[in-house]
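This report describes a protein chain from its overall build to its side-chain pairs. Please keep the sequence and the structure in view while reading.

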Amino acid sequence: MLLVSVTASAERDPDARIMITAGMLGVAAMAVQNALVQTSLRGAPPTAVMTSNITRFAMDIGAVVFSRDPRDVAAARNRAPHTWSAIVGFAVGCGVGAACKAAVGLLSLMPPAAAALIAFALGFSIQHDGSAG
């Protein structure tokens, strides 16, 4: 997606085939990320659930304010700080990403893309039993 977007340049028509292709590559990448968590990282928390985090946080606030069951209130008070930190981290990341995009354009996608490639390569260097190979 990065290569297609940078090659096409940001000034291109967003309805052009090349930009639609770049968008669809992004959708495919998100699908792979979600499938990876389900198949290869069993037991790991989902990595693409911001809507669920916000929904859970809103429900927890509602439970704290309106619930009459002290167990529900206690559970919500315990969950809320963890969910809140994920929401704040996501928002800060979005802000940093927007600032980088404004400063250097689509090339701002290079560091996260490079980090993903390094993680991918490291994944192949570790054997299934967890030892380095």
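## Cysteines

At 40% relative accessibility, C94 counts as partly exposed; buried means under 20% relative accessible area, exposed over 50%, and partly exposed in between, with a 1.4 Å probe and protein chains only. C100 is also classed as partly exposed, at 35%. The structure holds zero disulfides, a disulfide being a pair of cysteine sulfur atoms within 2.5 Å.

## Basis of the model

This is a predicted model, in which local features need pLDDT of at least 70 and side-chain atom pairs count only at pLDDT 80 or more, while totals for chains, interfaces and linings use all residues. Residues are numbered from 1 along each chain as its sequence is written, and side-chain values use heavy atoms, with hydrogens and water left out.

## Overall build

The protein chain contains five helices and zero strands. Helices (H or I, at least four residues) and strands (E, at least two) are DSSP runs, numbered from the N terminus. Read from that end, the order of elements is α-α-α-α-α.

Of the 133 residues in the protein chain, 17% count as buried. The chain exposes about 9900 Å², and carbon and sulfur atoms supply 69% of this area; accessible areas come from the Shrake-Rupley method with a 1.4 Å probe, and for residues only the protein chains shown count as cover. Among contacts with a separation of 6 or more, 37% are between residues 24 or more positions apart, where contact means heavy atoms within 4.5 Å.

## Aromatic pairs

The structure holds two aromatic pairs. Rings of Phe, Tyr and Trp (its six-membered ring) pair if their centres lie within 6.5 Å; planes under 30 degrees apart count as stacked, over 60 as edge-to-face and the rest as tilted. F57 and W84 form a stacked pair, with 5.2 Å from centre to centre and 25° between the planes. This pair links distant parts of the chain, since F57 lies in helix α3 (residues 50-66) and W84 in helix α4 (residues 70-104), 27 residues apart. F57 is buried, with a relative accessible area of 17%, whereas W84 is partly exposed at 45%.

The ring centres of F120 and F124 are 4.9 Å apart and their planes stand at 85°, so this pair is edge-to-face. Both residues belong to helix α5 (residues 110-125), where they are four residues apart, about one turn of the helix. F120 and F124 are both exposed.

## Salt bridges

There are three salt bridges, each defined as a side-chain nitrogen of Lys or Arg within 4 Å of a carboxyl oxygen of Asp or Glu. R56 forms one with D60, the closest N and O atoms being 3.3 Å apart. Because R56 and D60 are four residues apart in helix α3, about one helical turn separates them. R56 is partly exposed, with a relative accessible area of 31%, while D60 is buried, at 0%.

D60 also meets R79 in a salt bridge (2.7 Å, N to O). This pair links distant parts of the chain: R79 is in helix α4 and D60 in helix α3, 19 residues apart. R79 counts as partly exposed, at 33% relative accessibility.

R71 forms a salt bridge with D69, with the closest N and O atoms 3.4 Å apart. R71 is exposed, with a relative accessible area of 66%, and D69 is partly exposed at 24%. Through salt bridges that share partners, R56, D60 and R79 are joined into one network.
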